[in-house]
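Subject: Structure handover

Hello,

Here is the model I promised to pass on. Please open it alongside the notes that follow.

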Amino acid sequence: MRWWPVFQRNLLVWKKLALPSLVGNIAEPLMWLVAFGYGMGALVGQVNLTTPQGDTAVPYILFLASGSICMSAMNAASFEALYSAFSRMHVQKTWDGILNAPVRLDDVVLAEMLWAAFKALFTVIAILGVMLALGISHSPKLLLALPVLLCAGITFSCIALVFNALAQGYDFFTYYFTLFLTPMMFLSGVFFPREQLPGVVRAISEWLPLTNAVALVRPLFLDQWPDRPLVHLAVLAVYAVAAFWVALALTRQRFAK
């Protein structure tokens, strides 16, 4: 449990600026939701989805909301594990100070990963509250979306920590967002059904972490149970474990220099 004081330290710092931080994290996804959900939704109308219960037509804003909340968890975890973690590691030298205590580097990395995941959870809870207030969905199964979104936050924070260990400056993170996160947003069924994609691209997108997070969360918005939930959770777990192992190895190598 030596990671806990590091996690607690990040929490105490965040509490001083909690409100501006939450506003910053939820403003962009809510603007996406309003602009595309209500604007484009008026043009699109309903989207046909293939579910275990058969083909279902759902309002576009409900389709978008169930995907964008997964995208929000991804972005919130990534920003925290990239920009904030890099500031503490490289710019502010906070990690160096922490390592003077009886805390290992592995404990610090674990604390940063869990903190980024829980910050993503705080963000999606706020966004989910707004969605409930707007009446987008009132499914009681939405409570089960929170642990799924926490798992997604863990997965993306682990992946982001790999790039954090490699970065020499903030500009390096542009590659991560431009070449990895942005394409994944458009290939994972957030804005339109993946059935519209070419066969090869659809087969590749099926194994993306965001695709599997959306596949777990979207049925809960529709008051349905996900199809093959264990497979989707296994994909997220494999990404998380592999990425965390690589992040640990690269961070150890960086601090050994």
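Start with H1 and H5: Val6, Phe7, Asn10, Leu11 and Trp14 of H1 meet Ala111, Glu112, Leu114, Trp115, Phe118, Lys119 and Phe122 of H5. Contact means heavy atoms within 4.5 Å. By class, that contact has 9 nonpolar, 1 polar and 2 charged residues. Nonpolar covers Ala, Val, Leu, Ile, Met, Phe, Trp, Tyr, Cys and Pro; charged covers Asp, Glu, Lys and Arg; the others, Gly among them, are polar.

Some ground rules. This is a predicted model, where local features need pLDDT of at least 70, side-chain atom pairs count only at pLDDT 80 or more, and totals for chains, interfaces and linings use all residues. Residues are numbered from 1 along each chain as its sequence is written, and side-chain values use heavy atoms, with hydrogens and water left out. Helices (H or I, at least four residues) and strands (E, at least two) are DSSP runs, numbered from the N terminus.

Back to the first pair. H1 (residues 4–16) and H5 (residues 105–133) pack at about 40 degrees, with axes 9 Å apart. Axes are lines fitted to C-alpha atoms, for helices over the stretch in contact, and angles run from 0 to 180 degrees between N-to-C directions. H1 is therefore oblique to H5. The cut-offs: under 35 degrees is roughly parallel, over 145 roughly antiparallel, 65 to 115 roughly perpendicular, and the rest oblique.

Now H9 (residues 209–221), which packs against H6 (residues 145–166) at about 170 degrees, axes 10 Å apart. So H6 is roughly antiparallel to H9. On the H6 side, the contact includes Val148, Leu149 and Phe156; on the H9 side, Leu210, Leu216 and Leu220 are among the residues. The contact of H6 with H9 has 12 nonpolar residues, 1 polar and no charged.

H9 also meets H3 (residues 60–91): their axes come within 9 Å and cross at roughly 135 degrees. That makes H3 oblique to H9. Among the residues that meet are Phe63, Ile69 and Met74 in H3, and Val214, Arg218 and Phe221 in H9. This contact of H3 with H9 counts 12 nonpolar, 2 polar and 1 charged.

Which helix gives the most to the lining of the largest pocket? H9, with 6 residues. Strand S1 (46–51) supplies at least two. Of the 23 lining residues, Thr50, Arg194, Glu195, Ala215 and His232 are the closest to the pocket centre. The lining divides into 8 nonpolar, 8 polar and 7 charged. A pocket, on a 1 Å grid over the protein atoms alone, is an open set of points where a 1.4 Å probe fits, with protein on both sides within 12 Å along at least five of seven lines; lining residues have an atom within 4 Å of a point.

Best wishes
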